[in-house]
Amino acid sequence: MRKFSNFVLKHPRLITLGIVIVTILSIYPASGIKTDFDLENFYPKKDPTVQFYQAMEDEFGRDDNIIMLGYQSETLFTEEGLIRLKKISELLEGIENVSEVRSLWTAEEMINRNGTLIFQPLLHQDSLANNISELKKKVTGDPFSKGFFISEDATTTAFYLEIDEEVNSYETRNQIIDELESITAAYPEIDFKTTGIPYFRNQYVNMLNGEVLFYISFSSVLIIILLWYLYRSFTGIFIPMLIVWLTVLFTVATVTLTGGYLEIMSSTIAPILLCVGVADSIHMISKFDDAVQHGFKKQKAIMEMLLTLGSATLLTSVTTAIGFGTLLTSNVVPMKRFGIYTAVGVLIAYTITIFLLPSILKLIKTKRVFKKNGGRLYPLLADWLLKLSFFTKKHNRTISIGSLVTCGLIGLGIFQLNVNGRVFDDVSQSSVLIQDSNFFSENLAPAFPLELVIDTKQEYGIENPEFLQRVENLQQHLLGYPEIKRATSFTTLLKELHQTMAPEQAAVDSLPDSEQLISQYLLLLEINDNDILSRVTDFDYQKIRLSSQTLDAGSMRINQIRDSLDIYLSANFPNEEVIVTGSTVLSADLVGKMVYSLASSIGLAFICISILMAFLFRDLKMVIISLIPNIIPLILIAGLMGLIGIDIKPSTAVIFTIAFGIAVDDTIHYLARFRIELKRGLDVEEALQVTTQKTGRAIIITSIILLAGFGTLITSAFTSTMLMGILVSSTIFFAVTADLFVLPALFHWIKPNLKVEEMPSILAESSYGSRWVKSENQSS
């Protein structure tokens with residue numbers, strides 16, 4: 001570190017120029033950051049969940065490329081209402097990149113014309129002149145139209161816009177949505193509702209992007225105000241904010257240059273780095289000002305800052321990066337990206353701080369960064385922390401045992417935690433997205449598909465009447481779940497066809513009981529060259545697709561339905577292979593994988609930190625002491641979530657990784673300073689006193705800044721972002737309390753055997769040690 005410090009002090013202009021050049025080069029790639037929210041991209045390509053979904057997609061097409069547009073009108077089934085519906089449908093067909101628009105005007109009915117099967121539109125211009133009530137009865141009685149194109153009371157209708165799979169991207173969906181909104185704006189008298197997975201994804205991402213920009217700006221302004229209150233210095237505001245802004249810029253540029261993009265998790269990286277990135281600069285500037293205050297000239301003060309905190313700050317950055325980096329063990333792709341990019345961002349923040357901060361300090365004329373007569377908080381903190389060090393020494397046993405017992409009692413709430421996430425979990429129930437989705441769920445069918453593909457394992461296997469009856473029973477079984485509102489399959493088509501072609505033989509809603517007759521019906525459908533057959537079975541008549549629509553019931557309930565279905569399928573389809581898939585299953589499966597991946601990564605991070613602490617202090621008691629303050633905030637947050645009833649889901653589970661990073665950062669800063677004081681000749685009690693007073697002050701200041709940054713998220717319209725603000729802010733409070741109360745109390749209580757001469761000298765390199773110790777003792 002000494003050689004590095006000399007290099008920085010010798011070449012401040014060169015380093016500053018280099019950072020300016022990198023900044024200019026980073027602007028272009030950072031401005032081209034893209035966004036995506038494709039569930040398939042959340043998994044490795046070899047994941048069974050994705051493979052099942054892709055097998056269904058290859059055979060029958062996607063289930064997540066439909067935008068649903070609907071409206072309700074009491075005059076829907078009038079001649080005027082139906083003509084208006086047709087005009088809207090024609091306008092929708094003109095939208096670029098929409099391959100098909102389905103509506104009541106594209107719905108078809110089967111006609112038996114002298115033994116020949118004919119498909120003809122349910123609605124046509126001439127039919128409007130006939131009895132509207134008869135037409136209404138026919139449409140609402142059609143099994144493929146009821147609950148899909150038309151509500152049972154014939155007052156609600158829907159259009160289904162299928163996006164061209166070849167161009168189904170975020171940008172294309174935005175273009176389609178813009179044109180869609182332009183068309184609906186021409187009918188101000190109609191209250192249109194829009195939903196569907198592609199629509200939700202884009203609107204969610206658009207809202208998320210807007211919030212990210214807003215909260216980066218809002219947090220920045222709040223942090224600037226706070227820094228001004230604390231330090232009353234332009235330099236004290238400019239340097240930390242410049243470092244975090246450059247950190248965000250370089251990290252976003254790195255994401256783009258490595259082929260990454262913003263998604264549901266990585267979009268939170270910028271606010272995290274904005275808040276966490278301030279910490280390093282605050283700690284180092286505080287050290288610089290303390291050195292100046294104790295009589296060091298500027299260059300020697302910068303050297304002291306780098307020698308004392310350069311390695312310590314590197315250690316905190318590395319441990320925080322380890323916390324996020326362990327997410328690389330996850331099999332959820334966005335979680336891996338979130339972990340690696342956040343870890344990279346933390347290291348970028350350190351690199352910028354260690355190069356740019358001393359360079360700026362060397363170049364500017366200001367002797368102190370923070371004004372000596374700045375805010376009143378500094379002297380108040382110094383007095384309070386001095387009293388706190390005596391308090392923790394006197395009541396170390398009570399503090400230690402009391403905190404562990406409190407932690408244990410609140411931690412019992414962990415057993416009440418549920419892993420459960422919904423597609424619309426992050427959006428407020430009062431939002432337009434939720435209201436529109438509820439409109440379809442209440443009047444037609446929900447927008448969330450649950451798909452089953454049944455493979456008979458033999459060509460023409462679906463012609464078996466006994467097999468078809470079992471499929472029909474399965475379809476009725478699905479409708480027995482209150483969350484599933486609609487289900488159709490090949491049997492739905494076959495029953496309608498049987499009733500059309502053999503009304504005298506077919507009982508109402510019955511299947512043909514002859515394999516030969518089923519084969520003839522398939523031939524009739526083939527001759528008509530209607531695509532309805534390709535939606536429910538494959539080319540070899542070996543597989544059947546059973547499509548259902550379910551409510552946004554949550555991953556826990558969807559998995560319960562899947563488990564129940566597995567039992568039913570094992571009993572009723574022992575010789576067939578049945579795949580349960582669809583976007584709903586992808587989403588439910590993702591929730592569990594993300595949560596358990598986070599849990600395992602945090603466990604791995606604890607192991608890494610334990611090994612690091614063992615290396616630094618060579619004492620088992622020290623490892624225990626260093627881990628307890630990091631465990632306490634996590635247990636308290638998890639316990640409170642269980643007691644309050646907050647479910648574990650991706651958006652709340654990631655809070656534990658953030659919380660761990662923050663907690664470890666403070667603990668490492670405390671232990672690193674404590675270790676340095678021991679190396680300089682102070683005994684344990686003196687070292688704890690100096691560390692609590694000096695490093696404790698920086699910990700409190702950085703924690704206040706973190707609270708300001710994360711606290712702004714509480715106002716978010718996104719439930720997940722709001723919970724992140726509440727829970728991370730609570731974690732910061734718990735972490736500060738653990739580091740300033742529990743950590744020193746544990747030292748006094750456990751009394752680790754610290755042999756300074758056996759410790760590696762990675763953190764305590766300073767040629768000004770004796771003078772510093774004297775100054776510290778005098779100031780204490």
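The accessible surface of the protein chain comes to about 31,600 Å², and carbon and sulfur atoms own 58% of that area (Shrake-Rupley method, 1.4 Å probe; for residues, only the protein chains shown count as cover). The model is a predicted one, in which local features need pLDDT of at least 70, side-chain atom pairs count only at pLDDT 80 or more, and totals for chains, interfaces and linings use all residues. Residues are numbered from 1 along each chain as its sequence is written, and side-chain values use heavy atoms, with hydrogens and water left out.

Along its principal axes, the C-alpha trace spans about 110 × 55 × 40 Å. Of the 780 residues in the chain, 60% are buried (under 20% relative accessible area; exposed is over 50% and partly exposed is in between, with a 1.4 Å probe and protein chains only).

Strand β1 (residues 66-72) and strand β5 (residues 156-163) run antiparallel and are joined by seven bridges; M68 stands opposite Y160 in β5.

Leaving aside residues up to four places away in sequence, G81 touches Y71, T75 and L76. S570, by contrast, is 489 residues from G81 in sequence and 48 Å from it in space, C-alpha to C-alpha.

A second open sheet, again antiparallel in its pairing, has four strands in the order β8-β9-β7-β10. Its edge strands, β8 (484-488) and β10 (577-581), each pair on one side only. The twist from one strand to the next averages 20°. β7 and β10 pair in the antiparallel sense over five bridges, and the bridge partner of D455 in β10 is E577.

There is also a hairpin. Strand β3 (residues 108-113) and strand β4 (residues 116-121) run antiparallel, joined by six bridges, with E108 opposite P121 in β4. Two residues lie between the strands of this hairpin, and N114 takes a positive phi near 55°.

Then come the aromatics. The count is 16 aromatic pairs (rings of Phe, Tyr and Trp, the last by its six-membered ring, with centres within 6.5 Å; planes under 30 degrees apart are stacked, over 60 edge-to-face and the rest tilted). The rings of F4 and F355 have centres 5.0 Å apart and planes at 85°, so this pair is edge-to-face. It links distant parts of the chain, as F4 is in helix α1 (residues 2-10) and F355 in helix α11 (residues 333-363), 351 residues apart. F4 counts as partly exposed at 22% relative accessibility, and F355 counts as partly exposed at 27%.

Y460 and Y541 make a tilted pair, 5.9 Å centre to centre with 55° between the planes. This pair also links distant parts of the chain: Y460 is in the loop between β7 (448-455) and α15 (465-479), and Y541, 81 residues apart from it, is in the loop between α17 (515-528) and β9 (543-550). Y460 counts as partly exposed at 46% relative accessibility, whereas Y541 counts as buried at 6%.

Elsewhere, Y71, F159, Y187 and F192 form one aromatic cluster. The charged end of K86 sits over the ring of W105, 5.0 Å from its centre (the rule asks for NZ of Lys or CZ of Arg within 6 Å of the ring centre and within 35 degrees of the ring normal).

Methods
Two strands pair if DSSP finds at least two bridges between them. Contact means heavy atoms within 4.5 Å. Axes are lines fitted to C-alpha atoms, for helices over the stretch in contact, and angles run from 0 to 180 degrees between N-to-C directions.
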